[in-house]
Amino acid sequence: MRISKINLIIITILIILFLTFEIFPIYWIISNSFKSYKDIAFYPPKFIFTPSINNYIDAIQRSNFLYAIRDSAVASISSVILAVLFGSMAAYGIARLKVGGTGLLIFIISSRMLPIIILILPLYIIFTRLKLIDTYYSLIISYTTFLLSFVIWQMISFLKEVPKEIEEAAIIDGCNYWQIFFKIILPISKPGLIAVSIFSFLGAWNDYLFASILTGSKVLTAPVASSLFLTDRYVPWGPMAAACTMTMLPALIFILIVQKQMIKGLTMGAVKG
Amino acid sequence: MKKILLWLLVMLVGISMLATFSLVGCKTTTTTTAAAETTAAAETTSATETTKAVETTAATTTTESKPVEVKLLFLAGGLNTLAPMIEKKFNELNPNSNIKFVYEFADYGTLHDKIAIAEAGGAGAYDIYWTITDWMPEFIKAGFLMPLDSYLEKDPIDGWPNTYPQTVLNFQTVDGKLYGIPGHDGPYMLFYRTDLFNNETEKNNFKEKYGYELAPPETWDQFKDIANFFTRPDKNLYGTSFAGNDPQATPYDLVQIAHNFGAKYWEDNGYPTFNSDKWINALEFLGKLYKENSPKGAPQLDMMGRADMFKEGKLAMYADWTGFAGYFELQELSNVVGKVGYSLMPKGGNDGNRDSLDIYWCYAVSNSSKNKDAAWQVIKVLTNPEIDKLWTIGGMGGVGVRNSTLNDPEVLKQFPFYKTMAEILNGNAFGSPYTPAAAQIYDILKIAVQNYLAGSGTAKEILDAANAKIAGALTK
Amino acid sequence: MRTNKIKNYLNRFVFVVPSIILISGFTLYPLIFAFVNSFKKYKLTEPNNNIKFIGFENYIEIFKQKEFIEALIRTIGLTILLVIVELLIGIIIAVILSDSFKGHGIIRSVLLLPIAATPVIVGLTWKLMYDPRVGVINYLLNLIGIEGPVWLANSRWALLAVIIMDVWQWTPFMVIILLAGILGQPKDLYEAALVDGANRFRVVTKITIPLLKRVMGVAILIRASDVFRLFDQIWMLTRGGPGTATETLTVRIYRTGFSYFEMGEASAMSFIMLIIMMIFIIFAIKKINLLEET
């Protein structure tokens, strides 16, 4: 497609502006993680400073932050796997096998609509009865439940793009629903699954509310651990920024690994061609 | 390459799943095995991989009984560093006990919600709470906390109550029953810059202009004069600052000034009087200080930001919780090390007073705790004079409450403000509105101050509306 | 025949069972719990035996509160505004990215950064950036000669501050989803259009956007339901202040339920919120035809 020079300049400027806007706060967090307290909290904001890794050492020592990252990883990876498995099963059931229909879909989506703060008290009661307070299970169960509606929703719209002919052929070959699901649907929608997993993973990985109420001593996730840096007398900006950077890092690595897959997943239409 | 990475991911997932189950397995053995030996063994094997929260067996178990877990829910910051010392002291005092300490920490807002949810929703999750006196009436009314009088009678705290300042024995009592042992305090106090106040040129200029000596203000009128004198925005110096965007500062600033002006919370019949003339004067005066003497951004500051301005050397004086004072003396956080003076709050008007608003933190026992006796033993150690002092001088931001700590020469040498604090706590302090609706009242007052600063009404209109809301909250 | 049919249905039904169990167990029960509470005078700090049924009193009470009505209107307005802004920026950026740039991959990873950042720290960092004292935003504005506002102490600027923060964090989500939608569109349509001599703008409005309808629908649904429940960042940034100028429904619910302990009223508010959401969702699902054939 031919684009005139002026347009190209405008477009480039637009993109650069947008990217600067998007990157700047992240840059600010990361650069704060290398600054001293005075560099962050005193005027003027510093763009040039002597970097130091003291904040990282401080953050790691202060609340055993590496353990917190491990806890976050266990809770969020397990719940993403469960949510994606159950969610795509349900999506297959609803979209292809015509179970439940719109009513079921609305029921599932409505589970996402109540503010979590109002659900926290009854959930706490349930998990106390089940003796699951302060364990991975309470987190995994709640994350899975709250990710489900998102996964189902997205997977249904992905599944729409998958041609039906393959399945029909499989039925004629005598495959049952489970075989179709595991041998055809899952592999075909793998890129879509990965895209959904990423967003689900970020949701669970960054959760604060559930983790802060349902766990706390035996299990302590990274966002909660970083909130514990907040004393009520001063904000340790440096260690908090370091903690945030360390929390973002595994998520980023995960994203980079599946990046290529995700592009494919988000362009599911390609399967059609 | 892609394949390898994917495989790595799958393995990671597998390992973490396995880890989950093995960890949980370990935990069950720890809590259910009766024999002490097995417990110890499970403890050591799992310690490397599972124990992340500070969690240690307090004493070697001599009998077959399993260790009693005492779970403490504390405010984050500070107390975590104290934990090992508490346990050491505990073992010293109770060589034969088999109590296991389990700590949990939460930030200020979460701590409050966690206590409420744990007690209303589950019960029995925690044994000891670290709670601030403003929350106590509501928690006590709800039955979340246990009265401690019988324990105090049977097995008293070291030197109770005579070795504590009078003030810290007041606000944890309801209907004659006591629900908490104080552990950390920090009334409002006036901080000023000694280098400015003792500067000869400043002194001369001030005297010339206002006709009296430059000294820490004894009345709010003097405070205003001095603030006017030092407000020099072009030189990046301001007379004072308030913090308009902080639940723990904005409403308290108003309550502090209003009280100095002689305002009361209640009429004789118990009806709220937050719209009396004195309250209106206080709000208008506070508004003037914001507008004329504080930095332009003060309505947006939180209290950490305000303290940072003082630490940065931009404020000549300001009023704040004592807890901040320790941080002014830390080189890596502050530019005003050694330049800070401390004083009582100024008096407002003729029938005013110099009292400081005082809220403080207490150790309390959960009413649903299954190990109340053990919890009491732990509290006895937490409030031990030695721990009280360690907590104060350990650089953890603690402010001990015992007279022995307040008068300790070592403490006074490191933190001179304890002299002023002792003066405040022995006769110059007042408390929050002592009702289960205290948190709501402060919230309403915070919104009122913010509305006034945003110019959405006169002081009278805003306080009338606030008072009506408070009255509604009290009758509910 | 009939048993076969039932057996067949059960076979299919198994697929939705885990989801139904989880959702009913862990959200339906809390939902009913909250629903029942909305008819009770339930104060968290009252001993449990004092809780009484009071019919619709909670509902009447909350509609008497000026703050609740304001929060309701503000939340709806904010939702509409944010979704439209994010969608517009999202479409523009996605269209540009879809054909002008080679480096989608890198840009896309960069765009995931804001979504990957922890909300609590995002809120705190923006608060620091908006700070009147050391805030980098006003500092940079100062450098180009503009005196920045006191962001969070003025009701209009505070609302704008919230909007900017949300646009920052969630526009990338829109871009990624829409970009995927565009890249998935059949190429032949475009080629045909070009042969006909249509210009770029016409191609976008006549082909790209109409074909993007369903993707846009799903994205709007997800974003709208998230913005409607926006809490973490507002709580960290302004706590609903100054006054109640940035108080959204969830902030109001939190304040009522946990600061004032009026669980009954908070539950009632949540149900009003749920009803509004449900109306919107039923309407939206019908509109996007999520289940119907194309």
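User: Is strand 2 of chain B largely enclosed by the rest of the structure or exposed, and how many of its residues are buried?

Analyst: The model is a predicted one. Strand 2 of chain B covers residues 68-75, which are eight residues. Because six of the eight are buried, strand 2 of chain B is largely enclosed by the rest of the structure. The number of buried residues is six.

User: Which residue of strand 3 of chain B is the bridge partner of V70(B)?

Analyst: Strand 2 of chain B runs parallel to strand 3 of chain B, residues 99-106, and eight bridges join the two. The partner of V70(B) within strand 3 of chain B is F101(B).

User: Which residue of strand 4 of chain B is the bridge partner of L73(B)?

Analyst: Strand 2 of chain B also pairs with strand 4 of chain B, residues 128-132, in the parallel sense and over two bridges. For L73(B), the bridge partner in strand 4 of chain B is Y129(B).

User: What is the relative orientation of helix 10 and helix 19 of chain B?

Analyst: The axes of helix 10 (residues 250-260) and helix 19 (residues 438-453) of chain B come within 8 Å. Their crossing angle is roughly 90 degrees. Angles of 65 to 115 degrees count as roughly perpendicular, and therefore helix 10 of chain B is, relative to helix 19 of chain B, roughly perpendicular.

User: How many residues of the contact of helix 10 with helix 19 of chain B are nonpolar?

Analyst: Helix 10 of chain B contributes T250(B), P251(B), L254(B) and V255(B). From helix 19 of chain B come Y442(B), L445(B), K446(B), V449(B) and Q450(B). By class, one residue of this contact is charged, two are polar and the nonpolar ones number six.

User: Which helix of chain B supplies the largest share of the side that touches chain C?

Analyst: The contact takes 22 residues from chain C and 27 residues from chain B. On the side of chain B, helix 4 (108-122), helix 5 (136-141), helix 12 (303-312) and helix 19 each supply at least two residues. By class, that side has twelve nonpolar, ten polar and five charged residues. The largest share is seven residues, and it comes from helix 19 of chain B.

User: What percentage of the residues in chain A is buried?

Analyst: Chain A comes to 13 helices and zero strands. Its C-alpha atoms fill a box of roughly 70 × 65 × 30 Å along the principal axes. Among contacts in chain A between residues at least 6 apart in sequence, 81% join residues at least 24 apart. Of the 273 residues in chain A, the buried ones make up 60%.

User: What percentage of the residues in chain C is buried?

Analyst: Chain C has 14 helices and two strands, and its C-alpha trace spans about 80 × 75 × 30 Å along the principal axes. Of the contacts in chain C with a separation of 6 or more, 69% are between residues 24 or more positions apart. Among the 294 residues in chain C, the buried share is 47%.

Technical notes:
Residues are numbered from 1 along each chain as its sequence is written. Chains are lettered from A and ligands numbered from 1 in the order in which they are written. This is a predicted model: local features need pLDDT of at least 70, side-chain atom pairs count only at pLDDT 80 or more; totals for chains, interfaces and linings use all residues. Axes are lines fitted to C-alpha atoms, for helices over the stretch in contact, and angles run from 0 to 180 degrees between N-to-C directions. Helices (H or I, at least four residues) and strands (E, at least two) are DSSP runs, numbered from the N terminus. Angles under 35 degrees count as roughly parallel, over 145 as roughly antiparallel, 65 to 115 as roughly perpendicular and the rest as oblique. Two residues are in contact if their C-beta atoms, placed from the backbone, lie within 7 Å. Ala, Val, Leu, Ile, Met, Phe, Trp, Tyr, Cys and Pro count as nonpolar, Asp, Glu, Lys and Arg as charged, and the others, Gly among them, as polar. A residue is buried if 20 or more other C-beta atoms lie within 10 Å of its own, exposed if 12 or fewer, and partly exposed in between; C-beta atoms are placed from the backbone. Two strands pair if DSSP finds at least two bridges between them.
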